[in-house]
Amino acid sequence: MSGGLSPVRGTLGFEQLVPAALAHRRGLAEVYVADTAIVGSAEYLAAVQVPRAHSLWFDRLVAYHDPFSAVEAVRQALLVVGQRHLGVPADAPASLQRMAFAVEDLSLFRDSERDPLEGVVRLRPGAAGTGRGYYHDVSFDATLTVHGALAMTLRGSGITFPRDAYDEFRELQQGQRAGLAAVGPDAMRRLPPELVGRRDPRNVVLARTAAQDLVVVVDRGHPSFFDHQYDHVPGPLLLEVFRQAAVLSASSAGLLASPVAAVIDLEAQFTDFAELDAPITCTTAAVGDPDLDEITVEVALHQYGNRIALAHVELAHYPVSTQQQEHRS
């Protein structure tokens, strides 16, 4: 990491990663948390680093690190801090209900083509409250500093389950849905990667049906989204759906000259689990003034006829000096 170090960074180590299980990961290359520390009575620090050669996060068309990789690093930091410092059981499933982030300084994500994205996450967990006796409500606020400067702010809330309660709940939920019609899309064709700002077709998470409906691609062999097996569609994949759907919608509406754009603000709500074996449809509505670089897209996901997630995504052009510059392979 080049540049000056922030005072808090000196309290953390960046030499090795935490055990993969703490980050709920299977592959070592999918772990982004290096260390954690306690500061004060209700704040925690986490050292995070995202590798430059990652097959998903390095699949981009500009010389900027992907802010979504920082969101994933913060998500992992929450899991690690919960187990290390807050007494959360290692096998406790977590379900994100609401999440919002804002890129405070896009220039801090510029890729020097020498260093990985590395920074310090400061977490402030909210007070945990009980739900129906078998889960706990949790909330958080977080910041990410890069080179000692504020790069991103995040906030969210969710629930954690005891393992046996989660298994019982999901078995009941999936049993109820087993009788619902889940007619799959007839002929689904994944979108070309250049339409959603990617190079690798495998990292495209949207497809069109023969009827031109936009649907989610759930590739259970994807090495990052499905680092291990899930009983539902994981949140990071749905976040990528929001991003790709937003740039596709804004480009189609003429609000973007190309799908090479940064998500600088996102607010999302997840109202139900996304099941693996039933189609997930995606609808979008884009508004904005391209001259003012104000572009917002609403993205909604539906399954079994019900809305399961909703996001408002704000996009911005990258600086002109790099927008036309393809990142080296």
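Here is a short chat about the cavities, strands and helices of this predicted model.

Visitor: How many cavities of 30 Å³ or more turn up, and what volume does the largest cavity have?

Guide: A search over the whole structure gives 5 cavities of 30 Å³ or more. For the largest cavity, the volume comes out at about 200 Å³.

Visitor: Which elements give two or more residues to the lining of the largest cavity?

Guide: That lining has 21 residues, and Arg-60, Gly-197, Arg-243, Ala-261 and Tyr-318 lie nearest the centre of the cavity. The elements that give two or more residues to it are helix H1 (67-85), helix H3 (235-252) and strand S11 (261-270).

Visitor: And how many charged residues are in the lining of the largest cavity?

Guide: Split by class, the lining has 13 nonpolar and 2 polar residues. Arg-60 and Arg-243 lie among the residues nearest the centre, and Arg counts as charged. The number of charged residues in the lining is 6.

Visitor: What about the second largest cavity: how many charged residues line it?

Guide: This cavity has a volume of about 70 Å³. Its lining includes Arg-25, Glu-30 and Glu-72, along with Trp-57 and Tyr-230. By class there are 7 nonpolar and 2 polar residues, and the charged ones number 3.

Visitor: Back to the helices: are H1 and H3 roughly parallel or roughly antiparallel?

Guide: Two packed helices are described by the angle between their axes and the distance between the axes. Here H1 and H3 pack at about 155 degrees, with axes 11 Å apart. Angles over 145 degrees count as roughly antiparallel, so H1 relative to H3 is roughly antiparallel.

Visitor: What is the handedness of the crossing where H1 passes H3?

Guide: The pair to look at is the one with axes 11 Å apart. As H1 passes H3, the crossing is right-handed.

Visitor: Which residue takes a positive phi in the hairpin of S13 and S14?

Guide: S13 and S14 pair in the antiparallel sense over 9 bridges, and Thr-296 stands opposite Glu-314. The hairpin has 2 residues between the strands, and the one with a positive phi, near 55 degrees, is Tyr-304.

Terms used:
Residues are numbered from 1 along each chain as its sequence is written. This is a predicted model: local features need pLDDT of at least 70, side-chain atom pairs count only at pLDDT 80 or more; totals for chains, interfaces and linings use all residues. Side-chain values use heavy atoms; hydrogens and water are left out. On a 1 Å grid over the protein atoms alone, a cavity is a set of points where a 1.4 Å probe fits but cannot get out, and a pocket is an open set with protein on both sides within 12 Å along at least five of seven lines; lining residues have an atom within 4 Å of a point. Grid points are joined across faces, edges and corners, and a volume is the space filled by probe spheres set on the points. Helices (H or I, at least four residues) and strands (E, at least two) are DSSP runs, numbered from the N terminus. Axes are lines fitted to C-alpha atoms, for helices over the stretch in contact, and angles run from 0 to 180 degrees between N-to-C directions. Angles under 35 degrees count as roughly parallel, over 145 as roughly antiparallel, 65 to 115 as roughly perpendicular and the rest as oblique. A crossing is left-handed if the near helix is turned anticlockwise from the far one by less than a right angle, and right-handed if clockwise. Two strands pair if DSSP finds at least two bridges between them.
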